[in-house]
Amino acid sequence: MTAVGERNAYGLTAWDRYRILTTYRTIAMVGLSSNYYNASSFAGIYLDANGYDIVPVNPAQAGKEILGRRVFADLRAAAAEHPGPLEIVDVFRPSAEAPEIARQAVEVGARVLWLQLGVISEEAASIAREGGLEVVMDRCCKIEHARFFGGLRTIGLNTGVVTSRLAMRIPEG
């Protein structure tokens, strides 16, 4: 362990994750669920509320809507129809499916392959890195965003970020 919150070497550095979350605004969420009690749905709602453009990718829900957005069967279909680039590919699927998702992420020109908590695939990471993508593994976009921008400290969790001011403005009145 190198610092608070640095559990393993899969997630890049805290600075890298911060840079990714502040640089890229479009997230293709592969495995985004229509079940609002599912972790992927909770993360999607949170990220949407924080200004990210969420692109749902779920073959079982293709053509329907999740979070008020059209769902795509795969990254190729999403890239073909979404008006902007798919910058972050956030994977909520089993590790065994990650290599094919990584191939598609490279193909559509994504910038980051982000594998969620428990999704660890060295093969997918190699495919993505060879294709020029940055790789974050075994981390949650929602948790990392909350860690860096004030969402965790409000419930007493140690974020590992030392600051004396809030990163977000508290509404008045």
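This is a predicted model: local features need pLDDT of at least 70, side-chain atom pairs count only at pLDDT 80 or more; totals for chains, interfaces and linings use all residues.

Stop 1: Switch to cartoon view and pick out the open sheet of five strands, which reads β2-β1-β5-β6-β7 with parallel pairing. Look at the two edges: β2 and β7 (134–136) each have a single partner strand, so one side of each has no neighbour in the sheet. Averaged over the sheet and ignoring direction, neighbouring strands are turned by 20° against each other.

**Stop 2: β5 and β6.** Select 88–91 and 112–115, which are β5 and β6. This pair runs in the parallel sense and is joined over four bridges. To see who faces whom, show Ile88 and its bridge partner in β6, Val112. Next, bring in α4 (98–107). This helix lies across β1, β5 and β6, and runs at about 170° to β5.

**Stop 3: the cores.** Nonpolar side chains in soluble globular proteins tend to be buried together. Which residues have the most contacts inside the largest nonpolar core here? They are Leu75, Val89, Leu113 and Leu115, in a core of 25 residues. At least two residues of this core come from each of β1 (26–30), β2 (53–57), α3 (75–81), β5, α4, β6 and α5 (122–130). Apart from that core lies another, with 23 residues, including Tyr24, Leu67, Val71 and Phe148. Go back to Leu75 and show what surrounds it: leaving out residues up to four places away in sequence, Leu75 touches Ala28, Val30, Val57, Leu86, Val89, Ile101, Gln104, Ala105 and Val108.

**Stop 4: helix α6.** Select residues 141–149. How many of the nine residues of α6 are buried? Eight are, so this helix is mostly covered. The buried ones are Cys141, Lys142, Glu144, His145, Ala146, Arg147, Phe148 and Phe149. Their packing partners are α1 (14–23), α2 (39–49), β5 and β6. Just past the end of α6, click on Gly150, which takes a positive phi of about 100°.

**Stop 5: α1 against α6.** On the α1 side, the contact uses Ala14, Arg17, Tyr18, Leu21 and Thr22, while α6 brings Cys141, Glu144, His145, Arg147, Phe148 and Phe149. Sorted by class, this contact of α1 with α6 holds six nonpolar, two polar and three charged residues.

**Stop 6: Lys64.** With a relative accessible area of 47%, Lys64 is partly exposed. Leaving aside neighbours within four places in sequence, Lys64 is in contact with Arg69, Arg70 and Val71. Finish by drawing a C-alpha to C-alpha distance from Lys64 to Ser34: they are 30 residues apart in sequence and 9.5 Å apart in space.

Methods:
Residues are numbered from 1 along each chain as its sequence is written. Side-chain values use heavy atoms; hydrogens and water are left out. Buried means under 20% relative accessible area, exposed over 50%, partly exposed in between (1.4 Å probe, protein chains only). Contact means heavy atoms within 4.5 Å. A nonpolar core is a set of buried Ala, Val, Leu, Ile, Met, Phe, Trp, Tyr and Cys residues joined through side-chain atoms within 4.5 Å. Ala, Val, Leu, Ile, Met, Phe, Trp, Tyr, Cys and Pro count as nonpolar, Asp, Glu, Lys and Arg as charged, and the others, Gly among them, as polar. Two strands pair if DSSP finds at least two bridges between them. Axes are lines fitted to C-alpha atoms, for helices over the stretch in contact, and angles run from 0 to 180 degrees between N-to-C directions.
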